[in-house]
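Please read each point beside the coordinates.

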Amino acid sequence: MKVFTQFPVKHVEGNLVFGRDGTVWAYYQVEGFAYDFRDMMQKFEPYSNQLSFYVENMNDLHFLMIPSLTDVNGIIDETISEIKRKEYALKEYGIQYFESLKETLSSQRSSRDTNEYHSYIGIQLIEKRNKFHGEGNAALMLTTQFQRFMQGFTSPLYRAVGLMPQDILKRDIKERQDQAEALREILTTSMSCLVRHTTKEETVFLIEQNFSVTPNDTHLRKGYETSVDVSGIDENNQKYEAQRGQAHSFYELQNAEIKEHDQKTLKLYKLVGEEIKEKYVQYLVVDKMRPHSLHPGSEWMFHIQNSLKFPVAVSIKASFLRNDQIMKKLSNVRLSYEDQRTEAAKGNSEVDLSVEKSESGAIQMESRFGETGYPAYACSFVFRVAGDDMEELRVRASELKRQMQKFGIHLQTPYGETISYFMEFIPSAPRLNEDYLQYLEPTKLAGMMFAATTNIGDNRGFYIGQTLKLNRPVFIRPDLAAKAFEGTQNVMDSLAVMVAGMTGKGKSFFINLFTYLSVLTGSLALIVDPKGDRKGWANGLPFIPPEFISVWTLGADEADAGCLDPFRTSTNPEEAKDIALDITSFLCNKQLGDVGFTILSEASEREAYHDDPCLGGLLEDLEKRLVTVEHRADRQEAAAQIIETLHTLKRSNIARLLFGERNQDYRVLEVSKPIQVLMVQNLQLPRAGKESVRPVEKISEAILISIAAYTKQYMFNQDRFIHKVVVQDEAEAVERSSEGKAQMNFINRMGRFYNTSLVKGTQNATDYHEDVANMGMKFSFALKKYEEVVEMLKYYNLPATQSNIDYLIGLGRGTALFQDIYGRTAAVRIHPVYKEIEEAFDSSTSTQEEREYENERQERITMGG
C-alpha cells in the first residue's frame, strides 16, 4: 500500500493551496464556453483571448480537466429531497414519479455511462518559486537563494515564540487571496466564460478524487480542516496569527490502497459501503507533439469530451520560461547538435537522420521564438485512463492514443513511473519526472481549447431527454435562474422559456412535458390553450389524478358570459382602460390619430372608474353620448360607426365572453388546482402570419388579449415563493396587438421577480423579435423557412453558416436545439421516458393500432419482406 507521508500539500485555504516546496497555488473552476456551432471567426475569439493571457502571464500554470460520471440517481435523489422539503398538493405523486424515473433510467445503459467534464486552472502565485525562475542566469539564481536564506531569519516565523518555520502567517494568506482575486478577473476575460475560486471543499475534492475507485465514492467534505490556528509573540511583544498545517489531515484523503499491478499500471482498492471496489489505472504521457499549431484544428481537449465515451482525466503542468530563457535553451540544443556533427566528422561518419531532423526542428523553433518574442512553457501532459479490468483498460488506452494521433500527439505509457505521474494530478505537487517535457509556445496552449465544454443543462431538477451526441442525460430546473444561488454561474437571469418550431416537430409536446414536470416538482401552471389540444387532460394524466386538473372551456356555459371582459380580467382600472382601448380600437379598425380612436379612448377612461365597468357599459355610454353630447358631425359619424361595429360583433356567439353587461352574474376566473387549462369554445384564430379579416377571428384575437391580462393577474395573486408556469400557446396572435404585446412583455420581464416562467410557443423565430433579450432557456425545433432559421441562429448568438442552417432545418421530430441559462447550446432529443406520458401529450391523429401497424410495415420494408 502506498501512503504518501510527505504529502506535497501543506495547507488548503479556500482556493489557495500551500505546497511543502514553498509554492502557493490559486485554483479556479472555469465554467466553460460552448464551442459547437461556431464559425471560423467565432472560434478565434476564445483562442485569441487565451493566447493573450499565455503571452502576458509570468507564472507557472496547472491545467486540470476532470471527468465525472453523470450521476443520474444522485440528481433525482436531490430532486426528491427538495420535493420533501416542500408542501404542495402533488407532493406524494411527485415523489412516486421521480422514484419510478430513477429505477427506469438506472436500467438504461445510455443514461448510466455518460460523463461530464469540469475544467480547473491553477496559477503559482510566487514568481520566485516558478520552476525556471532564474535559470540561465547564475548570478540571479545565487541572489535569489541568498535572499530566501536571509528572509528566513527576518520572518516572524523564526522570531516569534510559539510559531514554527513551516507555519503560514495569516497576513500572507490575505495577501495571496487579494492576488488570487485580481487574477480571477483577468481569467474571466481570458477564458471567455465565468471563472470562480474553488471553495475549500472543492479544492480538497480535487486532491481526494485521485484516490477514487468508483464514480461516486468521493464527495465534498463540509467543514474539513487541514490546519489549526496558532499565534506567536516576537521580541517586541507583537503578536502574529498563523495557520499550521496538519499532515494527518491529508492521510485521511488517501483512502484507497494503491499497488503497482505492473510497471505501467496501478491498481486501486477501496472499501465502498460494505464492498471492496477496485480499478486499474494507467497514465499516458505525451512524448512527441508539434511545438506550435494552427487554429482551428488543434482542439484536442474539446475532442476528448466530444468523441470518447469513456472518461479521460488530463493534467498539464506548464512551467513558464521567458523568451530569453527558451532562446538560450534552444541555442544550447543547437550547439550540442553541432558538436555531434563535429565528432562524427572526426570519425569519417555522418550523424543519424533523427539527429538531423531534431536539429532542424530546434532551428525552426529558435527562429520562431526569435520572431515572435513569445515566452515558452515547459509542459508535461498526463492522461489518466481507468478500467474495471485490464482488457477494458487496454482498449481505452489504445483508443485514446488513436484519437490523439489525429492531432499529431503521440502518447506512451512510461515504465516504472506510474506514481510520479499519479502525483501530477495533485494540486501544488512538484513535477517528479522531467523525461517528457514539451517546450511549447503559447499558441499550442491556446489551440487545445481548454474550458471548451459540451456540458448542457442544470444537472438538477427534472429530466427532459438526452443530447444527440453521446446520449448525455439533460436535467433542468426552470426556476433556477432567479434563485441567485452561490456557485450558479448563469448568464441568463430570465425565467421565460422560448419554444419555437414548425407544426408536427414536437413543440407542443415539449411545452406539455415541461409544464407537467414542473407541476410534479411543486410549481403551479396556467395554460392558455386556444386550439383545445388539452381537452383530455380533464380525465387526468399519468401520476396526476383528475382532481388536480381543472380544464375550463369558456363559452360552453351561460355563466361564462362576460368573464373575459378586459375590465374584469385586468389587475387595476388603469390597466383595464388601456386594454379596453386596445381591444375596441382593434375591433373597430381605429388607429391613433383617428377621431374614432379618440372617442374610444375617452369612453374607456370614463368606463374604467364606473362602479361596474364592462365593455357592454362602454357601448351603452357611447350610445347615450351620441344622442346627448356628440354634436360635431365628424365625431357623430365616427361614434355611430363604432357603435354599429361593436353591435355587429356582439352578435357573434363567442363575443358574449368578451362583452360583459352591467349587474351581470358572471363567472369569476379563479385558480384552485395545480394545473389550470383555459380553453375557449369556438375560438378561431387566423393562420400564422395572416391578418384577421373575419369578425370571429378579430373577436378571437381580442379574447386572447384579455386572457393575457388575466395571466398577469394570475402571476400577481399567487404566492411569490411558489414557482409558476404560464403557457401562452399561439403567442403570436396575442402580440399582434400593442396592448397584448405589452401584457406579455410585462410577464416576461417581471417573471423573475414573481417567480413565473412564461412559456411562449410559436411557429416562427420572427415572432419573438426584441423579446429574445428577455428569454432564459431557448428550445428551437425544426424550422422550415430559411429566413426563420437565420433569425433563430441570431437569437442563439450563433453564425448563420450553411452547416448550422442545414442542421436546424434537418432536426428530427422531437429534437430541439437547446440553449441553457449558461449560454451553452446542444441538440437534445426530448424523451418523456414513459409511453403513457407520450400518448397523453401526443397531438397526432394516428391511433395506437395505426402506429403498431406502421411499425410492423417499416420492419417488413427493412427486412425486405
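1. Helices (H or I, at least four residues) and strands (E, at least two) are DSSP runs, numbered from the N terminus. On that basis R477 falls in the loop between strand β20 (473–476) and strand β21 (497–500). Residues are numbered from 1 along each chain as its sequence is written, and the model is a predicted one, in which local features need pLDDT of at least 70 and side-chain atom pairs count only at pLDDT 80 or more, while totals for chains, interfaces and linings use all residues. Side-chain values use heavy atoms, with hydrogens and water left out.

2. Overall content. The chain holds 28 helices and 29 strands. Of its 865 residues, 54% count as buried, where buried means under 20% relative accessible area, exposed over 50%, and partly exposed in between (1.4 Å probe, protein chains only). With contact taken as heavy atoms within 4.5 Å, residues 24 or more positions apart account for 76% of the contacts in the chain that have a separation of 6 or more.

3. Individual salt bridges. K170 and D229 meet through their side chains at 3.3 Å, N to O; this pair links distant parts of the chain, with K170 in helix α7 (residues 170–190) and D229 in strand β9 (residues 227–233), 59 residues apart. K170 counts as partly exposed at 30% relative accessibility, whereas D229 counts as exposed at 55%. In a further salt bridge, R694 and E697 meet at 3.5 Å, N to O; here R694 is partly exposed, with a relative accessible area of 40%, and E697 is buried, with a value of 11%.

4. Helices α19, α20 and α21. The side chains of D621 and R606 form a salt bridge at 2.7 Å, N to O; D621 lies in helix α20 and R606 in helix α19 (residues 595–608), so the pair ties together parts that are 15 residues apart in sequence. The axes of α20 (residues 615–628) and α21 (residues 633–650) come within 10 Å and cross at roughly 145°, where axes are lines fitted to C-alpha atoms, for helices over the stretch in contact, and angles run from 0 to 180 degrees between N-to-C directions. The contact is made by L619, L622, E623 and L626 of α20, together with Q636, A639, A640, I642, I643, L646, H647 and K650 of α21.

5. Helix α8. Which residues of α8 are buried? They are K200, E201, E202, T203, V204, L206, I207 and E208. Eight of the nine residues of this helix (residues 200–208) are thus buried, so α8 is largely enclosed by the rest of the structure.

6. A lysine to check. K724, which is placed in strand β25 (residues 724–729), is buried yet has no salt bridge, the nearest side chain of opposite charge being D719 at 6.3 Å. For charge, Lys and Arg count as positive and Asp and Glu as negative, while His and the chain ends are not counted. Leaving aside residues up to four places away in sequence, K724 touches L524, Y714, M715, Q718, D719, Y754, N755, T756 and S757.

7. Backbone geometry. Most residues other than glycine have a negative phi, and most peptide bonds are trans. A cis peptide bond joins H295 and P296, with omega about -5°, and P296 lies in the loop between β13 (275–289) and α10 (300–307). S428, which is not a glycine, has a positive phi of about 75°; this serine is in the loop between α14 (418–423) and β17 (438–440) and is buried, with a relative accessible area of 1%. N797 also has a positive phi, near 60°, but N797 counts as exposed at 61% relative accessibility, and its place is in the loop between α25 (786–795) and α26 (802–809).

Conventions. A salt bridge is a side-chain nitrogen of Lys or Arg within 4 Å of a carboxyl oxygen of Asp or Glu.
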